[in-house]
Amino acid sequence: MKTLIVSQEEKMVRKRLLLLLKPFDVYPSHEPSVISSSNSLKVFRYLNDRMLVHKSAINFCQNILKKKPVDWKAVFRNDVSQAISDVDLVITVGGDGTLLQASHFMDDRIPVLGVNSDPTRPEELEKLNEEFDASRSTGYLCASTANNFEQILDEILENLYEPSELARMAISINSKLIPTSALNDVLLAHPCPATVSRFSFRNEKPSSLVHCRSSGFRVSTAAGSTAAMLSAGGSAMPILSNDLQYIVREPISPVVLSHLMHGHVKFDERLEVTWFCREGLVYIDGSHLVHPIGHGDVIKLSSMAPRLKVYLPRHLLSQ
């Protein structure tokens, strides 16, 4: 009787992976025909280098996947238009923007791993500070770079790395639930940034109604609290918090009301906003996904949306 020898790879069930890629058209495609300064040429060449680094990271990740006992396919993020299903893991290659876009097509069953294809280098920022902004990709939610991709992937395939569940924001307009949940934040504002917006808001539980005139109203999840929310004067929240945070953007208000312009919403509460402008937009996770609103519309926001499973950088979990 022959002894059947099963390799370690054969013991592992073949997983189905989707590689979701940041497109190349976000970078300049050719040198400007008119060079206004030597700096503009430097910036173009710097951005072109960024594209080459991004391409190299994609090729590197694909070569790693070819060696693994997995079935996978690669698509650009702009080519995804339907819910992602029939895969065991989504891997995004780009930065936080690519992971955010992926999240809009994912439910709470499939985990996602973010690969930061071109991390910012502090020494480069300092060196070029007086010439131009040399920021690359922040990759706050990305647990991997090309340097450690194979190690992180192996840990995931061997069930040695557990995904975390991040809160997302449910959004409804006039009691109609928007199918896309926000992973980062939501901004309510007039289409023209110079126009004053009028709105009122309150916590759904008994609380006073706050009337506002401002340039908009921003609400973030914990994951989004270190992005635009923090820049606007908000505070960073623990990454696994289920609460929401809100801030009135550039309020026109008496000093006595300043303490009402920023606050938090518990996970079991809803924030209710009534819009009092003829025009308005609800921006979800940036500028690409928007919904129109008008005078009298009621927008409700809460963290009662399906969670997103994300393989987070380990340093975030220790904070």
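This is a predicted model: local features need pLDDT of at least 70, side-chain atom pairs count only at pLDDT 80 or more; totals for chains, interfaces and linings use all residues.
Six strands form an open sheet in the order E14-E13-E12-E9-E16-E17, with antiparallel pairing. Strand E14 (262-265) and E17 are the edge strands, each pairing on one side only. On average, neighbouring strands of this sheet are turned by 20° against each other, direction ignored. Within the sheet, strand E12 (residues 216-220) and strand E13 (residues 244-249) are joined in the antiparallel sense over five bridges, and Arg218 stands opposite Ile247 in E13. Five bridges also connect strand E16 (residues 280-284) with strand E17 (residues 289-293), again in the antiparallel sense; here Pro292 in E17 is the bridge partner of Leu281. E16 and E17 form a hairpin with four residues between them, and Asp285 in the turn has a positive phi of about 55°.

A further antiparallel pairing, over five bridges, involves strand E10 (residues 197-203) and E11. In this pairing, Arg198 is placed opposite Arg213 in E11.

Ala182 is located in the loop between strand E8 (176-177) and strand E9 (185-189). Its relative accessibility is 0%, and Ala182 therefore counts as buried. Leaving aside residues up to four places away in sequence, Ala182 touches Arg168, Met169, Ile171, Thr221, Ile284 and Asp285.

Side chains of opposite charge can pair when their charged atoms come close. The structure holds eleven salt bridges. One of them is formed by Lys68 and Glu150, with the closest N and O atoms 3.0 Å apart. This pair links distant parts of the chain, as Lys68 lies in the loop between helix H2 (38-66) and strand E2 (70-76) and Glu150 in helix H5 (residues 149-157), 82 residues apart. Lys68 is buried, at a relative accessible area of 14%, while Glu150 is partly exposed, at 28%. Both residues belong to a network of salt bridges that links Lys67, Lys68, Glu150 and Asp154.

Another salt bridge joins the side chains of Asp185 and Arg218 (3.3 Å, N to O). Asp185 lies in strand E9 and Arg218 in strand E12, so the pair ties together parts that are 33 residues apart in sequence. Asp185 is buried, with a relative accessible area of 6%, and Arg218 likewise counts as buried at 12% relative accessibility.

Key. Residues are numbered from 1 along each chain as its sequence is written. Side-chain values use heavy atoms; hydrogens and water are left out. Two strands pair if DSSP finds at least two bridges between them. Helices (H or I, at least four residues) and strands (E, at least two) are DSSP runs, numbered from the N terminus. Buried means under 20% relative accessible area, exposed over 50%, partly exposed in between (1.4 Å probe, protein chains only). Contact means heavy atoms within 4.5 Å. Axes are lines fitted to C-alpha atoms, for helices over the stretch in contact, and angles run from 0 to 180 degrees between N-to-C directions. A salt bridge is a side-chain nitrogen of Lys or Arg within 4 Å of a carboxyl oxygen of Asp or Glu.
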